[in-house]
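This briefing covers one protein chain and its ligand. Keep the sequence and the structure in view while reading it.

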Amino acid sequence: MSLSTSAPAQAAVVDRAPAISIRGLRKTYGDVVAVDHVDLDIADGEFFSMLGPSGSGKTTVLRLIAGFEQATAGSVTLGGVDVTRAAPFERDVHTVFQDYALFPHMSVLDNVGYGLRVRGMKKAERRERAQQALDTVRLGHLGARRPAQLSGGQRQRVALARAIVLQPRVLLLDEPLGALDLKLREQMQVELKQLQRELGITFVFVTHDQEEALTLSDRIAVFDAGSIQQLGTPREIYENPTSAYVAGFVGTTNLFDAATSQRLLGVAAEHAVRPERLRLSPGTDTEPARPDEVRLDAVVVETIYLGTGNRVHLRTSDGVELVALEQSTGSLDTREHRGDDVTVRFARADVVPLTSGS
Ligand code: ADP
Ligand code: MG
């Protein structure tokens, strides 16, 4: 019964309060600083991702939101209510773990209804609600099976159904698609996004996969070593990375250090330009650079066929390594070969200054 007390209390506060508000969050384990200086507001109904390499503190932040860990410093507020010291069951959130944590001896339907049973709901209503949740994830016909009789993707959906049946205000997902193969993962990404839109629940999604974060999220926090490096929409993160770290972690990029930038752009500060912004033309053309573009002579070091196009590795006449991405145009052979001379052009507007250093 204590389970249901927190939800009405939170809902009663302020509708406009962010679903999750984090201030000055810090978590240490002995000498290890797992999370530090994390400030974050996540809006109601937002699909929010935490993206970063292994060990960057994503899971720890999720566990601090869920209440499985106690913060060393800072606060966590859910729907306007400070829950920093509250127990997990007092928080209106639910976690979907990477390993799904299903009960092997229970049927799929009973697995989904388990949380309702713990809350003391009567059997008939429980089964009805569990069946609805299974229908939502398109597994309505498999309720009688055991988890072992399902595929990986189906087990993933059961774990989701088990979370949404409790109608939490916030769903925390820790690399939920990590165990699935690529094809299934892409399918589940679409389903997750649709589900989140349908239910209107706030999703906090942890992943180390930059493409997944870019595809799914309303906003992304890029983590490094326990802190947020950059926070923004997928487009902002991709088009305007503020540090070499973010530019390099989210997609591939051409990084120019201060000295190279001085030579190429006339500005002595770090810059980046995405490979797809580079235009290549065969040979050394004699046309001078326009004022709004950078023009470089280069040699092809390697061309890698990607199916959808080519990735071309280049070296400029003064030794700068570049990567260009060419979309396949369907024409016969636009491929540059190793050792070919090419002219590289890119718009100055496509070059991003990296403001926060690295
Ligand atoms: P991520 O989820 O981004 O891979 P984690 O949040 O799991 O990262 O871990 C962040 C850091 O905290 C890592 O250095 C990790 O080794 C450390 N860490 C996490 N949990 C514990 C723990 N229970 N005890 C000691 N160190 C931990
Ligand atoms: Mg983790």
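Which residues of helix α3 (residues 108–118) are buried? They are Val 108, Leu 109, Asn 111, Val 112, Gly 113, Gly 115 and Leu 116, where buried means under 20% relative accessible area, exposed means over 50% and partly exposed lies in between (1.4 Å probe, protein chains only). Helices (H or I, at least four residues) and strands (E, at least two) are DSSP runs, numbered from the N terminus.

This is a predicted model, in which local features need pLDDT of at least 70 and side-chain atom pairs count only at pLDDT 80 or more, while totals for chains, interfaces and linings use all residues. Residues are numbered from 1 along each chain as its sequence is written, chains are lettered from A and ligands numbered from 1 in the order in which they are written, and side-chain values use heavy atoms, with hydrogens and water left out.

**Overall**

- The protein has ten helices and 18 strands.
- Its C-alpha atoms fill a box of roughly 80 × 45 × 35 Å along the principal axes.
- Of its 358 residues, 47% count as buried.
- The protein exposes about 17200 Å², and carbon and sulfur atoms supply 51% of that area; accessible areas come from the Shrake-Rupley method with a 1.4 Å probe, and for residues only the protein chains shown count as cover.
- Among contacts (heavy atoms within 4.5 Å) with a separation of 6 or more, 64% are between residues 24 or more positions apart.
- An unreviewed UniProt entry lists residues 20–250 as "domain: ABC transporter"; UniProt positions are given in the numbering used here, feature names are shortened, and annotations may be inferred rather than shown by experiment.
- Over residues 20–250 the chain is 36% helix and 26% strand, with the end C-alpha atoms 25 Å apart.

**Ligand 1**

- The residues around ligand 1 are Tyr 29, Val 32, Ala 34, Pro 53, Ser 54, Gly 55, Ser 56, Gly 57, Lys 58, Thr 59 and Thr 60; a residue is counted if one of its heavy atoms lies within 4 Å.
- Oxygen atoms of ligand 1 form polar contacts (a pair of N or O atoms within 3.5 Å; within protein, one must be able to donate a hydrogen and the other to accept it, and residues adjacent in sequence count only if both atoms are side-chain atoms): a polar backbone atom of Gly 57 is 3.0 Å from a ligand oxygen, a polar side-chain atom of Lys 58 is 2.8 Å from one, and a polar side-chain atom of Thr 59 is also 2.8 Å from one.
- Taken alone, ligand 1 exposes 570 Å², of which the protein buries 59%.
- Strand β2 (32–42) and helix α2 (58–66) are the elements that give two or more residues to the shell, and α2 supplies the largest share, three residues.
- The shell has four nonpolar, six polar and one charged residues; Ala, Val, Leu, Ile, Met, Phe, Trp, Tyr, Cys and Pro count as nonpolar, Asp, Glu, Lys and Arg as charged, and the others, Gly among them, as polar.

**Helix α3**

- The buried residues of α3 pack against α4 (123–136) and α5 (152–164).
- Just after α3, Gly 120 takes a positive phi of about 85 degrees.

**Loop between α2 and β4**

- Glu 69 is found in this loop and is buried, at 17% relative accessible area.
- The side chain of Glu 69 makes a polar contact with the side chain of Arg 63 (3.2 Å).
- Leaving out residues up to four places away in sequence, Glu 69 touches Lys 27, Tyr 29, Arg 63 and Leu 64.
- Ala 71 lies in the loop between α2 and β4 (73–78) and counts as buried because its relative accessibility is 10%.

**Strand β3**

- Ser 49 is in strand β3 (residues 47–51) and is buried, with a relative accessible area of 0%.
- Apart from neighbours within four places in sequence, Ser 49 is in contact with Phe 205, Ala 213, Ser 217, Arg 219, Ile 220 and Ala 221.

- Most residues other than glycine have a negative phi.
- His 37, in strand β2, has a positive phi of about 55 degrees and is exposed, with a relative accessible area of 61%.
- Arg 138, in the loop between α4 and α5, has a positive phi near 60 degrees.
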